[in-house]
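Student: Please take me on a close look at the disulfide count and its surroundings. I would like the cut-off behind each term as you go, in one connected answer.

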Amino acid sequence: MKPSTILAVPFKPVSALAQSLTCVLALTISQSALAHGDHKHGEAHEITDSDITVTTLAEGLVHPWGMAFLPNGDLLVTEREGGIQRLSKDGKLSGRLGNVPKVVAQNQGGMLDVAIDPDFASNNTIYFCYSKASEVEGKPGSSSSVAKAKLTDSGLENVDVIFSADSIVDNGFHFGCRLAFDAKKHLYITMGDRYKYMKEAQNTDNHFGKIVRINRDGSAVEDNPFTDGKAPEIFSYGHRNVQGVTIHPETGAVWAMEHGPKGGDEINILERGANYGWPVITYGVDYSGDIISDKTHMDGMKQPWVYWDPSIAPSGLTFYQGEMFKEWNGDVLVGSLKFTHLRRIKVEDGKPAEQFEYVRDNHARIRDVEVGPEGAIYLLTDAPNGKVLKLTK
């Protein structure tokens with residue numbers, strides 16, 4: 001997605017990649033109709049908007065960006081301009097927590113994602129990613145940084161910055177900043193290419209356009225692929241602006257989703273040390289229409305699990321697991337900023353199949369998607385008067 005720009009172009013839904021994963025086929029008219037609630041006689045019933053109840057749990061949030069559930073069912077919600085709030089199960093917002101570090105709320109930057117420690121029940125520790133002002137002499141700007149802190153009833157204690165990307169730029173674009181813990185309690189942090197520095201995504205001696213993997217104290221994981229280089233935290237590279245990261249509930253694999261330029265948004269299954277190609281290969285073009293690369297494939301560079309052209313500006317990524325929408329178990333849920341809907345990608349034998357749209361009539365930019373402990377689906381709407389929406393059936 002172009003910084004601070006929403007492209008108002010007609011949406012053309014796309015289907016799965018072919019088995020070779022070399023192209024995306026257009027959805028047929030019947031598939032498109034199915035996605036929007038029309039059914040042919042005799043077809044199995046797919047859940048449509050008419051089956052879903054949308055409840056506004058909270059509003060008045062200033063560009064909410066990330067959320068994470070606490071063990072008791074409360075929800076932590078970040079606000080891009082600098083706040084973290086706690087939403088109780090009965091729908092009451094705490095107001096902004098105290099002792100939250102100052103952020104550089106410039107363009108796309110600010111207080112971004114939040115995650116809880118795998119041992120939160122015993123240590124009350126949370127992690128958050130934000131655009132932090134540079135402390136490097138002679139290098140103005142900000143970079144994606146992660147801090148950990150103890151969550152208390154009144155705010156945060158023992159705030160400790162455990163990672164700061166070396167991609168210090170004074171432009172406010174492409175921070176990445178999504179967080180996820182794997183089963184080994186390693187923390188994955190997504191890094192953007194900072195827009196005009198796209199070529200650095202191929203340089204494994206810095207953090208531009210990378211996904212990093214660290215221990216909870218901020219140190220690089222011992223078996224990271226580039227521990228002999230200048231950026232030992234790197235897990236994978238060749239990314240543009242990763243706005244979703246999640247762990248597959250069965251395989252434990254890390255999945256990541258990134259914005260392409262004009263076209264070429266994609267979801268990737270991450271592998272240690274793998275190169276995902278940006279900007280050497282891409283399915284998109286520059287916003288001016290200029291060619292960034294005439295290549296979509298190259299030896300040694302990974303192909304996406306799925307991609308979108310035109311772009312949908314995806315943000316927020318998770319797998320559905322639960323009883324409420326049990327028909328969707330194992331499917332991928334994605335928010336769309338550009339086309340203001342929740343998207344479900346049906347997964348068949350590990351491959352992408354049909355895609356479906358929900359709640360698009362709300363006309364809300366969906367910034368994040370989470371599945372709650374009771375199986376309901378929670379959405380954040382990216383707006384000056386942002387909301388937490390709960391989807392049930």
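Tutor: Happy to! Here, a disulfide is a pair of cysteine sulfur atoms within 2.5 Å. One thing to keep in mind is that this is a predicted model, in which local features need pLDDT of at least 70 and side-chain atom pairs count only at pLDDT 80 or more, while totals for chains, interfaces and linings use all residues. Residues are numbered from 1 along each chain as its sequence is written, and side-chain values use heavy atoms, with hydrogens and water left out.

By that rule, the count is one disulfide. The bond links Cys129 with Cys177, at an S to S distance of 2.0 Å. With a torsion of about -75° about the S-S bond, the disulfide of Cys129 and Cys177 is left-handed. Cys129 sits in strand S8 and Cys177 in strand S11, so the pair ties together parts 48 residues apart in sequence. Strands (E, at least two residues) and helices (H or I, at least four) are DSSP runs, numbered from the N terminus. Buried means under 20% relative accessible area, exposed means over 50%, and partly exposed lies in between, with a 1.4 Å probe and protein chains only. Cys129 is buried, because its relative accessibility is 0%, and Cys177 is buried at 0% as well.

Two strands pair if DSSP finds at least two bridges between them. S8 and strand S9 (residues 142–151) pair in the antiparallel sense over nine bridges, and Thr125 has Lys150 in S9 as its bridge partner.

Further along S8 (residues 125–133) comes Lys132. Lys132 counts as buried because its relative accessible area is 15%. Its side chain makes a polar contact with the side chain of Glu135 at 2.9 Å. Such a contact is a pair of N or O atoms within 3.5 Å; within protein, one must be able to donate a hydrogen and the other to accept it, and residues adjacent in sequence count only if both atoms are side-chain atoms. Beyond its neighbours within four places in sequence, Lys132 is in contact (heavy atoms within 4.5 Å) with residues including Val104, Ser143 and Val161.

The nonpolar surroundings complete the picture. A nonpolar core is a set of buried Ala, Val, Leu, Ile, Met, Phe, Trp, Tyr and Cys residues joined through side-chain atoms within 4.5 Å. The largest has 18 residues, of which Tyr127, Val146, Phe163, Leu179, Leu187 and Ile189 touch the most other members. S7, S8, S10, S11, strand S12 (187–191) and strand S13 (210–214) each supply at least two residues of this core. In soluble globular proteins, nonpolar side chains tend to be buried together.
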